[in-house]
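Thanks for coming. Please have a look at the structure on the screen before I start talking.

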Amino acid sequence: MRAIVFDQFGDADVLQVAEVEPPEMRPDDLIVRVHAAGVNRADLTHRRGGYGRPNFGESTIMGLEIAGEVVRAGSAVRGFKAGDRVMGVVGGGAYAEMARLDWRMALPIPKGLDYVHAAAIPEVFVTAHEAMLHLGRLKAGDAVLIHAAAGGVGSAAVQLARATGATVYATAEAGKLGQVKRLGADCAIDYRTQDFSQVVAEQTSGQGVDVVIDFIGAPYFARNIASLANGGRLVQVGILGGGGQVTIAMEDILYRHLQILGTVMKSRPQVDKHAMVRRFREHWLDRFSSDAGVMPVVDSTYPLERAADAHRRMESAQNVGKIILTMTA
């Protein structure tokens, strides 16, 4: 089968198409003919050597989410069979014509959804639900501040927040604010020219928001805390802007009843990942086949052999929504 490989860490040019052996099936696996695969920032980190090893979990082939057709099902698989259209999160191996998928990480593709849009769902929507609704406990009538709202997880979070009935404050660069508002943001903030904490204070009459979903990290931490209402929850999903040490007054945590939570899917035990997928499926999957206004956002598609260009597109930070690889012959 064809797959994307690289023999050294580096820039996008290290990615090459090669013929490799197909994955071996285990009892809990689905072997899937991949039609489309999502590109994620973790793939860039993998390519640059940020994980310190050439493999990501189960495979030396990169890629974390797929959509395709089941070819074979292992002996322990329940609920899926050959011929089923599925999407899901894999432990590596998505940038290939065939991949193996733990059946407990698989989701049936909603009726009427094509493979490209299906591949834009698993990683970002499962992460958005876990961060905002499961950990952040967002509910109808709440207010939420979502950073990087034009990205994959951010654009999913905006839609889920709107569908939940929350008031949505969202940050993005100026050229993407229109798209963010069309996704459902009530207030779109240009993070380059506006102080989001001041905007939130003005818009909420100083009350703040119930939940903050942040991908940036240390540079936003103090303003995120300032933007929270009493009893508010800050959920840290990434550190694109940098990690390191942050400080907070203990009195803020104590007297304002604040909570600070962190979540990263890739480092969670497999049983936790199964639970994350199950929670998302039970709450949201049917809504992709209805008029609930929840749909994956696809920025662009690239054939497998142009994986390097797909990575460059993500590195440019110009994308709104997901970048997808397609397995065209």
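This is a predicted model: local features need pLDDT of at least 70, side-chain atom pairs count only at pLDDT 80 or more; totals for chains, interfaces and linings use all residues.

The chain falls into two parts. Domain 1 is made of residues 2-120 and 296-326, and domain 2 covers 125-262. So domain 1 is written as two segments, and domain 2 as one. Taken over C-alpha atoms, the centres of domain 1 and domain 2 lie 29 Å apart. Ten residues from domain 1 and eleven residues from domain 2 form the contact.

Now the interface. The size of an interface is often given as the accessible area lost when the parts come together. Here, domain 1 and domain 2 bury about 750 Å² between them, and carbon and sulfur atoms give 62% of that area. On the domain 1 side, the residues touching domain 2 are five nonpolar, three polar and two charged.

How many salt bridges are there between domain 1 and domain 2? The count is zero. Polar contacts do turn up: three residue pairs across the interface of domain 1 and domain 2.

Last, one residue. Ser59 sits in the loop between helix 1 (41-48) and strand 4 (65-73). Is Ser59 buried or exposed? Its relative accessibility is 15%, and buried means under 20%, so Ser59 counts as buried. The side chain of Ser59 reaches the backbone nitrogen of Ile61 at 2.9 Å. Leaving out residues up to four places away in sequence, Ser59 touches Gly91, Gly92 and Gly93.

That is the end of my part.

Notes: Residues are numbered from 1 along each chain as its sequence is written. Side-chain values use heavy atoms; hydrogens and water are left out. Contact means heavy atoms within 4.5 Å. Buried area is the accessible area (1.4 Å probe) that two parts lose on being put together, summed over both. A salt bridge is a side-chain nitrogen of Lys or Arg within 4 Å of a carboxyl oxygen of Asp or Glu. A polar contact is a pair of N or O atoms within 3.5 Å; within protein, one must be able to donate a hydrogen and the other to accept it, and residues adjacent in sequence count only if both atoms are side-chain atoms. Ala, Val, Leu, Ile, Met, Phe, Trp, Tyr, Cys and Pro count as nonpolar, Asp, Glu, Lys and Arg as charged, and the others, Gly among them, as polar. Helices (H or I, at least four residues) and strands (E, at least two) are DSSP runs, numbered from the N terminus. Buried means under 20% relative accessible area, exposed over 50%, partly exposed in between (1.4 Å probe, protein chains only).
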